[in-house]
Amino acid sequence: MYGILKGMSDMPDLSEQAIALLQKNDRGLYTVPADNLYPHQWLWDSCFIALGQRHYDVERAKMEILSLLRGQWGNGMVPHMIFNKELEYRNDRNAWRSWVSPYAPDDVVTSGITQPPMLAEAIFRIGEKLDLPERRSWYRQVFPGLLAYHEWMYRERDPHEEGLTLQIHPWETGLDNNPAWMSELHEHLLPGWIRFIQKTRLDIVASLFRRDTHSVSPDQRFSTIDALALYDAQRRLRRKEYNIDRILDHSLFTIEDLAFNCILIRANEHLVNIAKTLRADIPEATLQRMERTRRALDELWDPYTEAYYPRDFVTHKLIKEPTIEGLLPLYAGCISPERAELLVKSLENGHMFGPAHPVPSVPLNSPWFNADRYWQGPTWLNTNWLIADGLKRYGYKDHAEALIESSLELLDGGEFNEYFNPLTGKPLGAKNFSWTAAVALDWLKTAKAKSVKK
Ligand code: 2M8
């Protein structure tokens with residue numbers, strides 16, 4: 001059943017295809033997630049991409065990370081997007097106008113929000129490929145930026161020093177239209193003009209102006225009403241010049257996101273290890289705040305449904321919409337083995353997270369589940385990477401290998417799509433998607449390295 005190595009020999013050139021795709025999407029300084037649909041640089045995409053690149057060109061992997069840091073703001077934020085400089089993308093740059101903030105860099109245009117902090121993971125894993133002196137010099141190069149980023153998260157996003165950081169837009173979770181966030185967005189932040197469009201079905205007209213649905217079928221993307229809501233929420237942030245005090249003033253839409261905080265917990269652990277290798281100091285106050293995050297994760301546990309959820313920052317109410325976020329405490333690695341077992345049970349359950357092609361972004365028994373629609377049901381390989389890693393940490397090695405194997409099987413036809421139908425395995429979304437190739441490559445190379453060591 002768990003024939004990962006057998007699976008690998010059945011796909012001898014999958015690694016080569018993955019490398020070829022990453023090279024095709026390479027724009028020199030950075031790698032685009034996919035041609036056409038995603039022509040810019042994204043934060044967590046580049047981190048996953050670097051996990052793959054490190055296996056065939058470690059210098060190129062370093063550059064992927066350094067090019068992210070060129071977008072870092074003066075206050076420490078690493079933005080979720082750095083825009084392509086070409087003239088044809090000026091509307092994308094103008095939509096964000098990062099220059100309205102005094103902290104934005106002068107020479108590149110970026111978004112004004114962040115994304116899951118996978119930076120430390122990528123930096124650490126690149127370090128694994130280097131001998132000690134080289135590793136030290138790599139860490140030395142990136143440590144100040146990485147520490148400034150983590151300190152920014154605590155300073156700006158944990159204003160009450162409670163431990164959990166808050167997020168201000170669904171795009172910050174990377175799981176754009178996930179039900180927890182979309183239900184809150186519809187309840188609290190849908191302006192009158194969007195409700196009017198919804199009521200009069202004018203969204204059919206508005207959908208004609210969408211660029212994303214030229215290359216991907218509309219039933220695989222977010223709805224037009226959701227797209228308008230996401231853009232309206234972004235414009236509100238721009239109007240407040242991305243100033244967190246102004247954003248939090250009267251904000252009805254700030255969430256302590258579960259996935260983001262789980263990734264932060266793991267990233268903090270990497271940051272500490274990186275500092276140890278360097279014999280560098282992390283300020284005591286920052287270490288204490290990091291420890292508080294580990295403890296605060298417990299507050300996102302709901303004993304009645306026996307699951308973790310995101311929480312509304314203002315009301316402290318859990319947003320009980322089950323999504324793939326609920327499995328990421330495995331990756332955080334700081335929950336009890338008993339709780340980990342409960343999460344594993346939901347992965348085994350065919351009505352929840354265990355269909356034929358796991359892991360669906362929303363469980364099958366949720367009313368939101370839609371097998372084809374973006375982050376509302378399809379299986380994504382980057383979240384499978386996080387879950388497989390978490391399973392290994394808790395000793396569920398066979399489960400992790402089975403998940404890696406079923407993920408690689410999705411790529412059987414050499415199609416590195418953005419996401420997949422969890423019931424049928426059908427490839428969906430953008431074709432030739434970089435992080436799909438990168439995490440597949442990472443799995444193939446890591447398994448090979450281990451089998452050679454044996
Ligand atoms: C998707 O997000 C962007 C906005 O940031 C979009 O919908 O255009 C998400 O899947 C996100 O996680 C990803 O980083 C990005 C680029 O692949 O696309």
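A salt bridge is counted here when a side-chain nitrogen of Lys or Arg lies within 4 Å of a carboxyl oxygen of Asp or Glu. Good morning, colleagues. The structure is a predicted model, in which local features need pLDDT of at least 70 and side-chain atom pairs count only at pLDDT 80 or more, while totals for chains, interfaces and linings use all residues. Residues are numbered from 1 along each chain as its sequence is written, and side-chain values use heavy atoms, with hydrogens and water left out.

I begin with the salt bridges, of which a search of the whole structure finds 28. One of them joins Lys345 to Glu341, with the closest N and O atoms 3.5 Å apart. The two residues are 4 apart in helix 17 (residues 337–348), so about one helical turn separates them; helices here are DSSP runs of H or I with at least four residues, numbered from the N terminus. Lys345 is partly exposed, because its relative accessibility is 46%; the classes are buried under 20% relative accessible area, exposed over 50% and partly exposed in between, with a 1.4 Å probe and protein chains only. Glu341, at 39%, is also partly exposed.

A second pair is Glu172 and Arg157, whose closest N and O atoms are 2.8 Å apart. Glu172 sits in the loop between helix 7 (132–157) and helix 8 (179–188), and Arg157 in helix 7, so this bridge ties together parts 15 residues apart in sequence. Glu172 is buried at 0% relative accessible area, and Arg157 is buried at 3% relative accessibility.

Finally, the ligand. For Asp176, an N or O atom of the side chain is 2.7 Å from an oxygen atom of the ligand. The protein covers 94% of the 410 Å² of accessible area that the ligand has on its own, as computed by the Shrake-Rupley method with a 1.4 Å probe.

Terms used. A polar contact is a pair of N or O atoms within 3.5 Å; within protein, one must be able to donate a hydrogen and the other to accept it, and residues adjacent in sequence count only if both atoms are side-chain atoms.
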